Amino acid sequence: MEEKQPSVLSNGLLYGAITGIALILFSLILFLTDLYLNKTMSWISYLFLVGGMLYGTLEYRKKYTNGFITYGKAFISCFWIGLFAGIIGSLYMFVFAKYIHPGFVQELLDQARTNIMTTNPNMSDEQVEQAVSISAKFLSPGMMAVWGLVAYAAISAVIALILAIFIKKEDPSLKTTI
C-alpha cells in the first residue's frame, strides 16, 4: 500500500513544533545562564528559526516530492514552519513573563529607561518616565505574546521568501519545450 503524502501544512506543523521547542530550550538556557537580556545572544534564536525552516522543507522535498519542489511550495512550507514555531514561541513568552519570571517586564522597562537616558541625555526625568510608561503599555505578557506572534509571522514570511529561492528544485520532466 502506498504511503499517503502529508500536506505542506502538516509538515509545517511538525517541524514548526520541533523548531518551537528548540527555541524554548535555547531561551531557557539563556535564562539559566543569565544571558536572556543580552541582545546579541537573542539574535542567535533566528539561526534556530532559519535552520528549522530549512531542514523541515528539505526533508519534505526529499521524502515526499521525489526531490523536487516548486518555489511556491517551498515558500509555504518554510512559512508554516516559522509561523507554528512563532505560535509556540509566543505562548512560551507569555508563560515566561507571567509565571516563570514575573520580574521580566520590569527588567525590560529598566533596560529601556537606561537606553533612553543614554541615547537622549538632554531629556528631563519627566520625559523619560513618560517614554517608559508608553513602553510599559506594550510590555505586558499578553501584548508581548501578540506582538511576538506578529513579528514571527512577518519575519517568517521574509525568511521563507529568501530560503525558497535556494530550496526550490524544479522537476525537469515537467518542463515543456516550445
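**View 1. Ser90 and the residues packed against it.** Setting aside residues within four places in sequence, Ser90 is in contact with Ala145, Gly148, Leu149 and Tyr152 in this predicted model. Ser90 itself is part of helix 4. With a relative accessibility of 6%, Ser90 falls under the 20% cut-off, so it counts as buried.

View 2. What does Cys78 touch, once residues up to four places away in sequence are left out? Cys78 touches Met53, Thr57, Ala160, Leu163 and Ile167. For background, nonpolar side chains tend to be buried together in soluble globular proteins.

View 3. Ala136 sits in helix 6, which covers residues 125-138. At 32% relative accessibility, Ala136 lands between the 20% and 50% cut-offs and so counts as partly exposed.

View 4. The model has 15 aromatic pairs in total. Take Tyr15 and Tyr55: their ring centres are 5.9 Å apart and their planes meet at 75 degrees, so this pair is edge-to-face. The two tyrosines join distant parts of the chain, with Tyr15 in helix 1 and Tyr55 in helix 3, 40 residues apart. Buried or exposed, where does Tyr15 fall? Tyr15 counts as buried because its relative accessibility is 10%. Tyr55, at a relative accessible area of 48%, is partly exposed. Phe75 and Phe79 make a stacked pair, 6.1 Å from centre to centre with 15 degrees between the planes. Both of these phenylalanines lie in helix 4, four residues apart, or about one turn of the helix. Phe75 and Phe79 are both buried.

**View 5. An aromatic cluster.** Phe31, Tyr36, Tyr92, Phe96 and Phe104 come together as one aromatic cluster.

**View 6. The largest pocket.** How much space lies in the largest pocket? The volume is about 1000 Å³. At least two lining residues come from each of helix 1, helix 2, helix 3, helix 4, helix 5 (104-119) and helix 7 (141-167). The largest share, six residues, is supplied by helix 7. Sorted by class, the lining has 21 nonpolar, eight polar and one charged residues.

**View 7. The second largest pocket.** About 180 Å³ of space lies here. The lining is made up of Thr65, Asn66, Phe68, Ile69, Thr70, Lys73, Lys169, Glu170, Asp171, Leu174 and Lys175. By class, that comes to three nonpolar, three polar and five charged residues.

View 8. You'll find Asn66 in the loop between helix 3 (45-64) and helix 4 (71-100). Its relative accessibility is 70%, so Asn66 counts as exposed. Asp34 also has a positive phi, near 60 degrees, and is likewise a residue other than glycine. Which loop holds Asp34? Asp34 sits in the loop between helix 1 (8-32) and helix 2 (39-43). Asp34 counts as exposed because its relative accessibility is 58%.

Key. Residues numbered from 1 in each chain as written. Predicted model: local features only at pLDDT ≥ 70, side-chain atom pairs only at ≥ 80, totals over all residues. Heavy atoms only, no water. Buried < 20%, exposed > 50% of the residue type's maximum accessible area, 1.4 Å probe, protein only. 1 Å grid on protein atoms, 1.4 Å probe; cavity = no way out; pocket = protein on both sides within 12 Å on 5 of 7 lines; lining within 4 Å. Points joined across faces, edges and corners; volume = space filled by probe spheres on them. Nonpolar A, V, L, I, M, F, W, Y, C, P; charged D, E, K, R; others polar. Contact = heavy atoms within 4.5 Å. Phe/Tyr/Trp six-rings, centres within 6.5 Å; stacked < 30°, edge-to-face > 60°.
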